[in-house]
Amino acid sequence: MYKSENAYKTISEVSQILNVPQHVLRFWESRFNQIKPLKRGGGRRYYKPEDVVLLQGIKFLLYNDGYTIRGVQRVLKEQGLKSVLTVGINVSSSDKESVDDSKVAEFSSLTQSESPRSNTKSFEFSEKLSDIKENLLTMKKTLDSSDDD
């Protein structure tokens, strides 16, 4: 069955489009408040086309450009939603082909100072340690709350 590109998509469809597991999409929702799928009865999620493009941009920055969650959050905060949507549009327009480096070059040049590749190793190490610490604290809270039960 063919769906219009402007149609809302289920989490299953978005998972297939992006080639990431559904739990990753739910996790990204918890980390990026810009992702706001429509939730219907039974908690089913329906993503707007703009959400899918944003998710494509986030995935590209995380998986291809080597950003951390915190790094993408910083790009969203400092450069705005439009910058990540631009990456998503470039990725989605080249879905059937390999990603065109010239399409992404515009965004990369805008964010060169933010790219983990252009920063010193100590900054990358510090950012990764901060992410690990945040994850460990979250796990500790979860374990502490399960011990209380």
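## A nonpolar core and the helices around it

The largest nonpolar core in this predicted model has 21 residues, and Leu25, Trp28, Ile35, Tyr47, Leu55, Ile58 and Val72 are those with the most contacts inside it. At least two residues of this core come from each of H1, H2, H3 and helix H4 (69-79). The most is given by H3, which supplies six residues. In soluble globular proteins, nonpolar side chains tend to be buried together.

### The chain as a whole

The protein chain comprises seven helices and three strands. Read from the N terminus, its elements follow the order β-α-α-β-β-α-α-α-α-α. Of the 149 residues in the protein chain, 34% are buried. Among contacts in the protein chain with a separation of 6 or more, 60% are between residues 24 or more positions apart.

The mean pLDDT of the protein chain is 79, and 73% of the residues score at least 70. Helix H2 has the highest confidence in the protein chain, at 96, while helix H6 (residues 101-110) has the lowest, at a mean of 44. Over residues 96-122, pLDDT stays under 50; the model has 37 contacts beyond four places in sequence for this stretch.

### How the helices meet

| Helix pair | Axes come within | Crossing angle |
|---|---|---|
| H1 (residues 11-18) and H2 (residues 22-31) | 9 Å | roughly 100° |
| H2 and H3 (residues 49-64) | 12 Å | roughly 95° |

The axes of H1 and H2 cross at roughly 100°, which makes H1 roughly perpendicular to H2. On the H1 side, the residues that meet H2 are Ile11, Ser12, Val14, Ser15 and Leu18; on the H2 side they are Gln22, Leu25 and Arg26. By class, the residues of this contact of H1 with H2 are four nonpolar, three polar and one charged.

For H2 and H3, the axes cross at roughly 95°, and the two helices are therefore roughly perpendicular to each other. H2 contributes Val24, Leu25 and Trp28 to the contact, and H3 contributes Leu55, Ile58, Lys59, Leu62 and Tyr63. The contact of H2 with H3 has seven nonpolar residues, no polar ones and one charged. Leu25 of H2 takes part in the contact with H1 and also in the contact with H3.

Ile58 is one of the residues with the most contacts inside the core. Apart from neighbours within four places in sequence, Ile58 is in contact with Trp28, Phe32, Ile35, Val72 and Val84. Of these partners, Trp28, Ile35 and Val72 are themselves listed with the most contacts inside the core.

Val14 lies in helix H1. Its relative accessible area is 0%, so Val14 is buried. Not counting residues up to four places away in sequence, Val14 touches Lys9, Leu25, Tyr47, Val52 and Leu55.

### Exposed positions

His23 is in helix H2. Its relative accessibility is 52%, so His23 counts as exposed. From C-alpha to C-alpha, His23 and Ile11 are 9.5 Å apart in space, and they are twelve residues apart in sequence.

Asn19 is found in the loop between H1 and H2. Asn19 has a phi near 60°, which is a positive value in a residue other than glycine. With 65% relative accessibility, Asn19 counts as exposed.

How values were computed
Residues are numbered from 1 along each chain as its sequence is written. This is a predicted model: local features need pLDDT of at least 70, side-chain atom pairs count only at pLDDT 80 or more; totals for chains, interfaces and linings use all residues. Side-chain values use heavy atoms; hydrogens and water are left out. Axes are lines fitted to C-alpha atoms, for helices over the stretch in contact, and angles run from 0 to 180 degrees between N-to-C directions. Helices (H or I, at least four residues) and strands (E, at least two) are DSSP runs, numbered from the N terminus. Angles under 35 degrees count as roughly parallel, over 145 as roughly antiparallel, 65 to 115 as roughly perpendicular and the rest as oblique. Contact means heavy atoms within 4.5 Å. Ala, Val, Leu, Ile, Met, Phe, Trp, Tyr, Cys and Pro count as nonpolar, Asp, Glu, Lys and Arg as charged, and the others, Gly among them, as polar. A nonpolar core is a set of buried Ala, Val, Leu, Ile, Met, Phe, Trp, Tyr and Cys residues joined through side-chain atoms within 4.5 Å. Buried means under 20% relative accessible area, exposed over 50%, partly exposed in between (1.4 Å probe, protein chains only). pLDDT is the predictor's confidence in each residue, from 0 to 100.
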